[in-house]
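Have a look at the picture first, then read on.

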Amino acid sequence: MNQHPTTDHITSLIQEGEFFKLKEALKSFEPNEVVELLEQEEEREQLIIFRLLPLRLATEVFEYLDLDIQKHFLANLSQDKISDILNEMSPDDRTALLEFLPDELVRELIQTLSEPERKVTLELLGYPEYSVGRLMTPDYIAIRESWTVQQVLDYIRRHGGQSETLSVLYVTDERGVLVDDIRIREFLLSDPQKRVSELMDRRFVQLNTMQDQEEAIEVFRRNDRVALPVVNDEGVLFGIVTIDDILDIREEEDTEDIQKLGGSEALDEPYLDTPIWKMVQKRAGWLVILLIGEMLTTSAMHHFEDDLQKAAVLGLFIPLIISAGGNAGSQATSLIIRAMSLGEFSLSDWWLVMRRELLSGLALGSILGIVGALRIILWANYIDPGYFGPYWQLIAVTVGFSLLGIVLWGALSGAMLPMLLRRLGLDPATSSAPFVATLVDVTGLIIYFSVATFVLRGTLL
């Protein structure tokens, strides 16, 4: 096994000006190893190392680098080096990079591309931002149904090196319309004289260039594919989307949902790269909304102020009541949003979801209600007798049934709110856990004092 130089050794070669030795050493590195090496070096050393890489290795490494390092290289490398790398990059990765660069720089970089690559890049950039067209690559193998298996294999040997993947071949007619896709194993295991038409079943899954990327994620998930063809409205094959691009989009979508669930707008950049003022802007709106919502909690408490004055002991359990309902609502919201994103049920299943949360809420509420009541019973009898006064049994009943009602309400509202938002065409993730918790806080107080009024009437109230 080859032993690569350590980071310290690489750094010492740079400092000593031993660039020939460094260039030879780097040839044995894999792309991911070079990426790890670059991430550990300072900007000056990064540039030196990258300039010494062979073109093919430099291109592969560039595709793996973080956007910030890519921008740094674009700003400091020679125009020829940039042009060579961009021309060698796969079209989908190149498009992903250009999307994040200033328009002026994009125009300059596009001019450095060869005519075929420039045409491909402009076509990809012409699709809507979140469409499948932005993800696809035109590097695929298309064959005809009249060809023999031997002709297909010969064609792959000549042109397969330019393809993004060889796991699936795409059969098109004379107009370029997709008529079937066939796995490569079928050709490897078939008689060389057999015709492509004999291997076809004309059953295939496809994406549309204008289709939303989130829909593409679901299609990949359902069909367990490493690549899918992309066609226009007439069925003409324009390119393919591979699983690595879909996984990147899935990661972005999951990150966005998680950030929204936390009660903030989704960040457009990594956390440490987001300017403070922009992060404040993303988070302030939701915090203001949640603050206004919590003001309703104050209004609810003011409404029951007389009850609190008569039975101050009720105030001791307000934090417990509020947190229990908010926690139950947050749990339900997180579970439902995730289940919807995975396509585990549709909006037409709302009654099934509601019934499950009704039963779950009753069970959870009963458990918490019993725990809350037992706490009062144990305290009143063993820890501090007389602390809750002569009506401690009624207070235990009040807390127990309040927890049952509030947890049940929290589970139901936490489950139904995301589905309602989806029905209205909004992002369910906006029904974030803090938002549901605030909603349950206000209604929870009303439930708590309503139960207290009913149970304690004629005694403490």
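## Starting at arginine 225

Let's begin in a loop: arginine 225 sits between helix 14 (213-223) and strand 5 (227-231). Helices (H or I, at least four residues) and strands (E, at least two) are DSSP runs, numbered from the N terminus. A word on the source: this is a predicted model, where local features need pLDDT of at least 70 and side-chain atom pairs count only at pLDDT 80 or more, while totals for chains, interfaces and linings use all residues. Residues are numbered from 1 along each chain as its sequence is written, and side-chain values use heavy atoms, with hydrogens and water left out.

Is arginine 225 buried or exposed? Its relative accessible area is 17%, so it counts as buried (buried is under 20%, exposed over 50%, partly exposed in between, with a 1.4 Å probe and protein chains only). Not counting residues up to four places away in sequence, arginine 225 touches Asp181, Arg183, Phe220 and Ile243; a contact here means heavy atoms within 4.5 Å.

## Salt bridges

Arginine 225 also pairs up with aspartate 181 in a salt bridge (3.1 Å, N to O). That term means a side-chain nitrogen of Lys or Arg within 4 Å of a carboxyl oxygen of Asp or Glu. The two partners come from distant parts of the chain, 44 residues apart, with aspartate 181 in strand 3 (residues 178-183). Both aspartate 181 and arginine 225 are buried.

How many salt bridges does the structure hold? There are 10. Another one joins arginine 157 and aspartate 154 at 2.9 Å, N to O. These two are about one helical turn apart, because they are three residues apart in helix 11 (residues 149-159). Arginine 157 is exposed at 62% relative accessibility, while aspartate 154 is partly exposed at 29%. Glu218, Arg221 and Arg222 form a salt-bridge network.

## Cores

Now for the nonpolar cores, which are sets of buried Ala, Val, Leu, Ile, Met, Phe, Trp, Tyr and Cys residues joined through side-chain atoms within 4.5 Å. The largest has 36 residues, and Phe50, Val61, Phe62 and Phe73 have the most contacts inside it. A second, separate core has 32 residues, including Phe304 and Val451.

In soluble globular proteins, nonpolar side chains tend to be buried together.

## Out on helix 19

Leucine 378 lies in helix 19 (residues 350-383). With a relative accessible area of 45%, leucine 378 is partly exposed.
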